[in-house]
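Thanks for coming, everyone. Have the sequence and the model open, and follow along as I go.

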Amino acid sequence: MISPFSRRTALAARRERRRAIVMAAGRRHHPLGARASAPGHPRLRRVARLLLVVAVAVIGMLIGVQLGGTTTQDIGPFRAQLSLTPSWVGDTSVEIPPLGSLELDSHDGPAHLRIRLESLDETRTRAFAAKSGNLEQISHDAVDQLNLGVRRLALQTAGCGVLGGMALVLLVFRARRETAIAGLVVIGVLASTGAATLLTFKPAAIQEPTYRGLLVNAPAIIGDAQRIANRYEEYRAQLQKLVLNVSKLYGTISALPVYEPNTSATKVLHISDMHLNPAAWGVVRSVADQFSIDMIVDTGDINDWGSEPEASYVNVISDLKVPYIYIRGNHDSTVTAAAVARQPNAIVLDDNIATVKGLTFAGIGDPRFTPDKSTDATNEEQHQQVVASGDLLAEKIRSSPKPVDVALVHDPVAAQELAGACPLVLAGHLHQRSVSRLDAKPPVAAPVPSASGSPAPKPPARERTLLMVEGSTGGAGLRGLEHEKPTPLALSILYFDQDRHLSAYDDITVGGTGLTEVSLQRHIVPEDTKAPPTPEPSTPAPAPSLSPSS
């Protein structure tokens, strides 16, 4: 009789034999069966694992470079962002928003250097301007700061690349040996990248940049670069005095004994023709804050070319915190007007009327778009377009149920059609400040001669529209350097009394690039020249002039 123990032992032995037979058959029919039993297979597995480690390390390195390959550096008065990114062609790009960028064929390594000038620090600008040394030393300091930033960026990028590669390998393989191998691989890749960059570095590439964006049009904007550079050498010797002399503006204001506007006066800041000058925003903001301006009126040409890259220039409008009334100039496109309209405090007028803080404004944009001046802006066809726009606005004002206090046009040519339609017209375009009275168009019938036989005299000044043409608040942008004397920055503050009459105005002038003059001239509008809400007949009298005081 077979014992239960013997039976169980026999069954276990049969199961083991069947399992061995099945496994042997599987090895014979498996396509890798012979290779799996070959003695060289573990070496192939090690090679495959090593290649996988290298691939994962490179991926981790790229992730680390992408996340950590950016730093910031103060370069002169600018705050710059420096970054390194993988690239097949290398090269260096210098971005100058909103003007565009410069592309330099500086090296052929697999790393692209990007330098972006983000902002101009006001404190450092004042410090640089106040230095007793010349600007040559400041230029050398800026080069040293750039070198420091590039070195720090290289070390930071290398560190982030090594950490990224080792961290990803550790996360995937969870083995210290593979992690160490990944670190060595990444260090080798980064070292070879640096060596390739240094061996192919071309210092002379900075003399042959490729312009992108608006900088492509730089020669058309600034004219002969050598001529402007020669003049700038003359200007820069006194550049550091410019910021210091801004204090003269406030000293002049505090010493004025002539006119004190009452607390109920509405203060309007009139600016025009900014022409993409970023420095002009600082002047506008300072004047708006110091004088507690109620609103700002811009009579056009805020841009130079009206292109999409320039649209970001107007974003500063939202920081001014007061209503900003704008009309389009001949350098502004519909893209520019749309960018201004997106600002929460901006009001764009184009053949329409708006009331802001008790004052009613009517405005119309310039019908021309001639940013490159390829079309003669003085030809008869364009002249008639401008005249027609003024006539269109005059009809809008006369049909308005609410009296209009101020009309806005870009070109003073359009203002003539507004004579008698409203008390005050503001304009720009000419880059030169002027104040005059407009004579209404004579009637179609022949004028009735006076008793002496001469034509009837002009109506008194109080019934004649006042035209105020502003200079260039942006100093005409870069083209301001084309003249022997740079164009000054011009802006004016208009004081309106409770009856919405212009009672006084301040003309503020800040010297152009390299000049140190800052001046303010206050003008009182005599009582007998203020246009009443409803014109009344009066005896003819010679037009009195506006009385200035400074």
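Start with Arg 49, Arg 177 and Glu 178, which are linked in a network of salt bridges. A salt bridge here is a side-chain nitrogen of Lys or Arg within 4 Å of a carboxyl oxygen of Asp or Glu. The whole structure holds 15 salt bridges.

Before more pairs, a word on the source. This is a predicted model, where local features need pLDDT of at least 70 and side-chain atom pairs count only at pLDDT 80 or more, while totals for chains, interfaces and linings use all residues. Residues are numbered from 1 along each chain as its sequence is written, and side-chain values use heavy atoms, with hydrogens and water left out.

Now a single pair. Lys 202 and Asp 108 meet through their side chains in a salt bridge, 3.5 Å from N to O. This pair links distant parts of the chain, 94 residues apart. Lys 202 sits in the loop between α6 (176–199) and β6 (210–213). Asp 108 sits in the loop between β4 (100–104) and β5 (111–120). Those helix and strand names follow DSSP runs, numbered from the N terminus: helices are H or I with at least four residues, strands are E with at least two.

The cut-offs: buried is under 20% relative accessible area, exposed is over 50%, and partly exposed is in between, with a 1.4 Å probe and protein chains only.

Next pair. Glu 470 forms a salt bridge with Arg 433, and their closest N and O atoms are 3.1 Å apart. The two are 37 residues apart and again link distant parts of the chain. Glu 470 is in the loop between β16 (465–469) and β17 (489–496). Arg 433 is in the loop between β14 (424–427) and β15 (434–438). Glu 470 is buried, at 2% relative accessibility. Arg 433 is partly exposed, at 25%.

One more pair. Arg 522 bridges to Asp 506, with the closest N and O atoms 2.6 Å apart. Arg 522 lies in strand β19 (residues 518–524) and Asp 506 in strand β18 (residues 502–510), so the bridge ties together parts 16 residues apart in sequence. Arg 522 is buried, at 4% relative accessible area. Asp 506 is buried as well, at 0%.

On to the surface. Which residues gather in a patch of positive charge there? They are Arg 14, Arg 15, Arg 17 and Arg 18. Arg 15 lies in helix α1 (residues 4–29) and is partly exposed, at 45%. Patch members have over 30% relative accessible area and no salt bridge; like charges are joined within 9 Å, and nonpolar side chains (Val, Leu, Ile, Met, Phe, Trp, Tyr) within 5 Å. Lys and Arg count as positive, Asp and Glu as negative, and His and the chain ends are not counted. A charge is placed at NZ of Lys, CZ of Arg, CG of Asp or CD of Glu.

There is a nonpolar patch too. Ile 59, Ile 63 and Leu 67 form it, with about 330 Å² of accessible area together. Areas come from the Shrake-Rupley method with a 1.4 Å probe; for residues, only the protein chains shown count as cover. Ile 63 lies in helix α3 (residues 41–68) and is partly exposed, at 45%.

Now two backbone spots. Most residues other than glycine have a negative phi. His 275 has a positive phi of about 50°. His 275 is in the loop between β7 (266–271) and α11 (278–290), and is buried at 2%. His 431 also has a positive phi, near 60°. His 431 is in the loop between β14 and β15, and is partly exposed at 27%.

Then Ala 394, in helix α13 (residues 380–398). Ala 394 is buried, at 0%. Leaving aside neighbours within four places in sequence, what does Ala 394 contact? Glu 417 and Leu 418. Contact means heavy atoms within 4.5 Å. Ala 394 and Glu 417 are 23 residues apart in sequence and 6.5 Å apart, C-alpha to C-alpha.

Last, the whole chain. There are 13 helices and 20 strands. Of 550 residues, 42% count as buried. Among contacts between residues at least 6 apart in sequence, 70% join residues at least 24 apart.
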